[in-house]
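Welcome to my notebook. I went through this structure one spot at a time, and here is what I looked up.

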Amino acid sequence: MAAAIDGVLPEHLQELVKNSKVLVVGAGGIGCEVLKNLVLSGFVNIEIIDLDTIDLSNLNRQFLFHREHVGKSKAKVARESALSFNPDAKITAYHDSVTSTDYGVNFFKKFDVVLSALDNRAARNHVNRMCLNADVPLIESGTSGYNGQVELIKRGLTQCYECTPKAKQRTFPGCTIRNTPSEPIHCIVWAKHLFNQLFGESVEDEDISPDAADPEAQEGDAEGTEIPAGDGAGDGKEKSASESANGNVVRINTRQWAKDCNYDASKLFNKFFFEDINYLLRMSNLWKSRKAPVPVQWDTLLPKGIPDGDSLPEFARQFHKVWSVEECAQIFSNSLRQLSNDFLKLDNNDSLVWDKDDQAAMDFVAACANVRSHIFNIERKSRFEIKSMAGNIIPAIATTNAITAGISVLRAFSVLEGKFDQCKAVYARLRLNPRNQFLVPDKFFPEPNPNCYVCASDPAITLRIDTKRVHIKEFRDEVLIKTLNMVNPDVTLESTGSIIISSEEGETECNEQKLLSDMNIVDGVILKSDDFFQNYELSIIISHFDAERDDPLFEVIADKSQLQPKEEEEEKPEPSEKLVSRKRAANGNGESVEKCDDGPSTSKRSRPTEIEDDDDDDCLILEDPEDDVVEATDKLTVESPPKTATKRKPSDVVESDEITTILDSSDEEESRPTKCKRSRLEKSEGTGSIEIINID
Ligand SMILES: Nc1ncnc2c1ncn2[C@@H]1O[C@H](COP(=O)(O)OP(=O)(O)OP(=O)(O)O)[C@@H](O)[C@H]1O
Ligand SMILES: [Zn+2]
C-alpha cells in the first residue's frame, strides 16, 4: 500500500482517501486496474459491481484474474485479488448488472465518487443518470486500442454523458446482406444472422433468406423473370404453384425446418449455399452489373463426405489459416453438430447466445461467412480475422487500460479534494504530439447542452414517428427503453393524464398491440414519460410522419428546429442532434418469418441491418477539423460522426497540482491538434496492423 506510507500523498489527501467511499462500475480491463490502484492508494471503502464472469480471453490484460478463475464472477474475484494488496480494505463485490433496480439513487448516494469502467453505452447512460440524480461525481473512462479517455461528469458543472449525441451505428441495407454482399463483413453479418435464425434469439429483421422484394431485383426486369414472393428457395415455382393450387401453403420457419431435417449438414448446406443462391440468380436484374454468385453443392464439394470421427481436423484450430471452401464445409458440419446438440438440450423457449469466444459458435460463423464469400467472389478471411470483425473487437491494450485507470484514480483524488477545475477530460493518444505528449487534457469543461434530454432542467425531445405504424409495445421497447435508455417507464398523455404505459405489471398490457394513433397519440401530442427508478422525467413531443419503405419508423430529435419538410431534409447534411434511429420493417406488423414446407422462405422485404453494438467503448477523439473523422479502429459499429459535431480545442493550461498534473498540449501544435469530444474513437493510424491480443 504505497500511498498509505506517509509522504507519498499529502496528509490531507491521505485522510480523504481513507475516509471516502467509492464505487467502481465494471471489473474488466480498466476496472481491475482501477480497483488495484484504489487499494494501493489507501482507499478502504470500496464497492465494485460487474455482471460478468471471467473468460479465458480476459487473462492477458485483466491481471486480477488467473486461469483458475475462469468462469467465476469478475467482481468477486477482483475483490479477493485486491484484498491481497490490503487485507484491511472493505471491498463489497456485486455480481450483478448496475442497471438492476437493486441499485437505485439511494445506493449511489452512499458514495463520494463513482468510477465507471464499462464497455457499453446503455450501462454508461444509466450510470450517468444515477450519478446526476444522486449528485455524485462520476469519473467516466473508456479505451479503444491505444486511445483512452477519462472525464468527470458532475451535475451542474460539466456536460453529462448524454449531452452530446453519439455516432450512429454502422448499418447495412438488408438487401445487401441477403442478396448482394460485396465485402467480407456483409457475409459475416449474414452468418451471424444465420446462427440466430437457427439457434439464437430470432429477430425478424435478421432473416437471411433472399429478398425478393429488393427494389433492384424488381425494377425494369426486361426478361420479366418472376420471383414468387414467399417461395421456398430452391424448390422452385412448381412446388409453390402446386401449393397455391390447393390454397394450402404450409409455412414453417427456418429453425423448425432445420430441426425437422435433424440438422443434416448436407441438407442445410445445400439449402443456404445452393438452393438459395440459385433463387437469387433468378433475380436477373441484380446480376446485370455485378458478378453473379456461383452456388456450391455439398456433394460436389465433398464427394467422399465428411471423414468419420468426432475429433476436429487439424486445420480447424489453425486460426490464422484461410480455410478452403471444403475445409469450411467440414467446419460447418462439425460446428452444426455441436450447436444443435447444445440447442436441443435447452428448454423450449430458450436460445443460444452468439459469443465470439464460444468455439462452435465462432467456427460456425467463420465457416458460413467464408462459404458465402466464396460464392460471391469475395475474399475469404481467416477465423482470426473473422473473429475480430464479428466480435466487433477493438484490440484491447493492457497499457492503455492501465494508463486510463491511473488517470481515473488521480481524478478521484482531485474530486475528493474538491478541486474540480483540475478534472478536465484527458485523452490518451496513440502518437506523441510535437511536444512529446500523449496524454492531453481538455482546456475547459464544455458547457452542459441546454437541449440535453437528460440533464436539462425540463428535459424534452421531439419524436418524429409514424404513429400509424408503431405499436405501443414497440414504442416502449424500441423508443423508451432501447433508444432513450429508460428501465421501466410510465407514460401518460399530458393533456388528459390518461395512462398509456404503466410500469406496474398488468395495468396497461391491453394497450400493447394498439397503434399510437389508436391511442390518440398523433401529431402535436405531448407525452409525459417517467422512469421512477432513474428518477427521470421526459416530455415527448410527437411529430407524426408517414414513413416510406425502409425509412426508420422513428427518430429522436433533441431540438425541434431540426424538423424540416421532407424535400429540404434530403439536401441537408446529417444533423448532429438526430440522436438515434432504428430501421424497421416496411410492413412493421411484427409478423413472424414465414417459410414453405420443405425450405425456408426466400422472400423478405428489404431492411437494413444494424451491426450490434454490444461492446461499444464510447470514446471518440477527433483529429484535425479538416480531417475526415472515421470510425473506431477496426470496430464495425459506427459511422463517421456528423461533421457538425462540436469540437473542443486542446488545452494549453498546465495544471498546477503535483499529483494530478498531466502535461498539456499547446495551441502551437497546429499540425497535430487534439480536438476532442466524447463519443467514439477514431480509426487510429497503425491500428490496422495491431494484433488482437485476446487469448483464444
Ligand atoms: N450493466 C452492467 N453492469 C455491470 N457491469 C457491466 C455492465 N455492462 C458491462 N459491464 C462490465 O464492464 C466491463 C467492461 O470491461 P471490458 O471493456 O474490459 O470488457 P470485457 O468483457 O472484460 O472484455 P472484452 O469485451 O474485450 O472481452 C466488463 O467486465 C463487463 O462485464
Ligand atoms: Zn446532459
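This is a predicted model: local features need pLDDT of at least 70, side-chain atom pairs count only at pLDDT 80 or more; totals for chains, interfaces and linings use all residues.

**Entry 1: a pair of helices.** I began with helix α13 (residues 325-344) and helix α14 (residues 359-375), whose axes come within 8 Å and cross at roughly 145°. I noted the crossing of α13 and α14 as left-handed. Which residues meet there? On the α13 side I listed V325, C328, A329, I331, F332, N334, S335, L336, Q338 and L339, and on the α14 side A360, A361, D363, F364, A367, C368, N370, V371 and H374. Sorted by class, this contact of α13 with α14 has 13 nonpolar, 5 polar and 1 charged residues.

Entry 2: Next I turned to the UniProt record, an unreviewed entry, which places a "binding site" feature at C160, C163, C452 and C455. These positions are spread over 296 residues of sequence, yet they cluster in space, with a largest C-alpha distance of 8.4 Å.

I then looked at two of them in turn. C163 sits in the loop between β6 (147-153) and β7 (171-172). Is C163 buried or exposed? I count C163 as buried, because 23 other C-beta atoms lie within 10 Å and the cut-off is 20 or more. Leaving out residues up to four places away in sequence, C163 touches P448, N449, C452 and C455.

C455 is in the loop between β9 (439-441) and β10. C455 is buried too, with 21 other C-beta atoms within 10 Å. Beyond its neighbours within four places in sequence, C455 is in contact with L132, C160, C163 and P448. I was pleased to find C163 and C455 in each other's lists.

**Entry 3: a leucine in β10.** I moved on to L463, which lies in strand β10 (residues 460-465). L463 counts as buried because it has 24 C-beta neighbours inside 10 Å. Apart from neighbours within four places in sequence, its contacts are V479, I540, I541, I542, S543, F554 and V556. I also checked L463 against H544: they are 81 residues apart along the chain, and their C-alpha atoms are separated by 8.1 Å.

**Entry 4: around ligand 1.** Last, I visited the ligand. Which residues come nearest to ligand 1? Of the 21 around it, they are G26, G28, G29, D52 and D119. The elements giving two or more residues to this shell are α2 (29-41) and β2 (45-50). By class, I noted 7 nonpolar, 9 polar and 5 charged residues in the shell.

Terms used
Residues are numbered from 1 along each chain as its sequence is written. Chains are lettered from A and ligands numbered from 1 in the order in which they are written. A residue is near a molecule or strand if its C-beta atom, placed from the backbone, lies within 6 Å of it. Helices (H or I, at least four residues) and strands (E, at least two) are DSSP runs, numbered from the N terminus. Ala, Val, Leu, Ile, Met, Phe, Trp, Tyr, Cys and Pro count as nonpolar, Asp, Glu, Lys and Arg as charged, and the others, Gly among them, as polar. A residue is buried if 20 or more other C-beta atoms lie within 10 Å of its own, exposed if 12 or fewer, and partly exposed in between; C-beta atoms are placed from the backbone. Two residues are in contact if their C-beta atoms, placed from the backbone, lie within 7 Å. Axes are lines fitted to C-alpha atoms, for helices over the stretch in contact, and angles run from 0 to 180 degrees between N-to-C directions. A crossing is left-handed if the near helix is turned anticlockwise from the far one by less than a right angle, and right-handed if clockwise. UniProt positions are given in the numbering used here, feature names are shortened, and annotations may be inferred rather than shown by experiment.
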